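Have the sequence handy as you read.

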Amino acid sequence: TLKVPQNAKSFSFDFAFFSAEFPEYVGSPFNDRFVAVLTSQGLPGQFAASSCAVQGETGCRRGNVSFDGNGKEVSVNNNYFIVCQPDPVEAPGAPCNATLVPQLAGTGYDKSDGLRPMGGGSGWLTTRAPVKPGETIQLQFAILDEEDHIYDSAVLVDNFRWEAQSVQGPTTSPIN
């Protein structure tokens, strides 16, 4: 629960998502995911109506504000999930960027079984979301283990900041 400064019209934070479910579970229901659920008066109309964080405030909306350019939640099915070990068997069509593999070094998601990669990540992403100056918001970060208990995922969240610029709605984009 956070009080928005009077001069802030949005906020942003950086994050990186990692999962051992790559490549085995791409496109399957066994797919961990990361969500950042915001309750704010600043969210646009497509978000669900919700009660506000402070009694007496009205007009709040609630929903996940971290997703890819196609509106998918952050998971191995996300089009920002690009950091992985090259797959020697399926390399020509693999959703992998071998030049970014050093970003996985030491994370535990840089392993291989000798034939295929056993993990990958999104690289660093930035989520921006609108807020109303002076309101009290709720922001919840969650990582969800979907349908299994054997492969792990992790998320690093860093660099939360208030911004004076307004944004039309939430966006998530790669950090260059």
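## The disulfide

Cys52 and Cys60 are joined in a disulfide, with 2.1 Å between their sulfur atoms; the term here covers a pair of cysteine sulfur atoms within 2.5 Å. The structure holds one disulfide. Its S-S torsion, for Cys52 and Cys60, comes out at about 115 degrees, so the disulfide is right-handed.

Are the two cysteines buried or exposed? Cys52 is buried at a relative accessible area of 15%, and Cys60 is buried too, at 3%. (Buried means under 20% relative accessible area, exposed over 50%, and partly exposed in between, using a 1.4 Å probe and protein chains only.)

## About the model

This is a predicted model, where local features need pLDDT of at least 70, side-chain atom pairs count only at pLDDT 80 or more, and totals for chains, interfaces and linings use all residues. Numbering runs from 1 along each chain as its sequence is written, and side-chain values use heavy atoms, leaving out hydrogens and water.

## The open sheet

Five strands make up an open sheet, ordered β1-β9-β3-β5-β4, with antiparallel pairing. At the edges sit β1 (2-3) and β4 (48-50), each pairing on one side only. Strands are DSSP runs of E, at least two residues, numbered from the N terminus, and two of them pair if DSSP finds at least two bridges between them.

Zoom in on β3 (residues 33-40) and β9 (residues 136-144): they pair antiparallel over seven bridges. Phe34 has Ile143 of β9 as its bridge partner.

Asn159 isn't a glycine, yet its phi is positive, about 65 degrees. Asn159 lies in strand β10 (residues 153-163) and is partly exposed, with a relative accessible area of 39%.

Notes: Helices (H or I, at least four residues) and strands (E, at least two) are DSSP runs, numbered from the N terminus.
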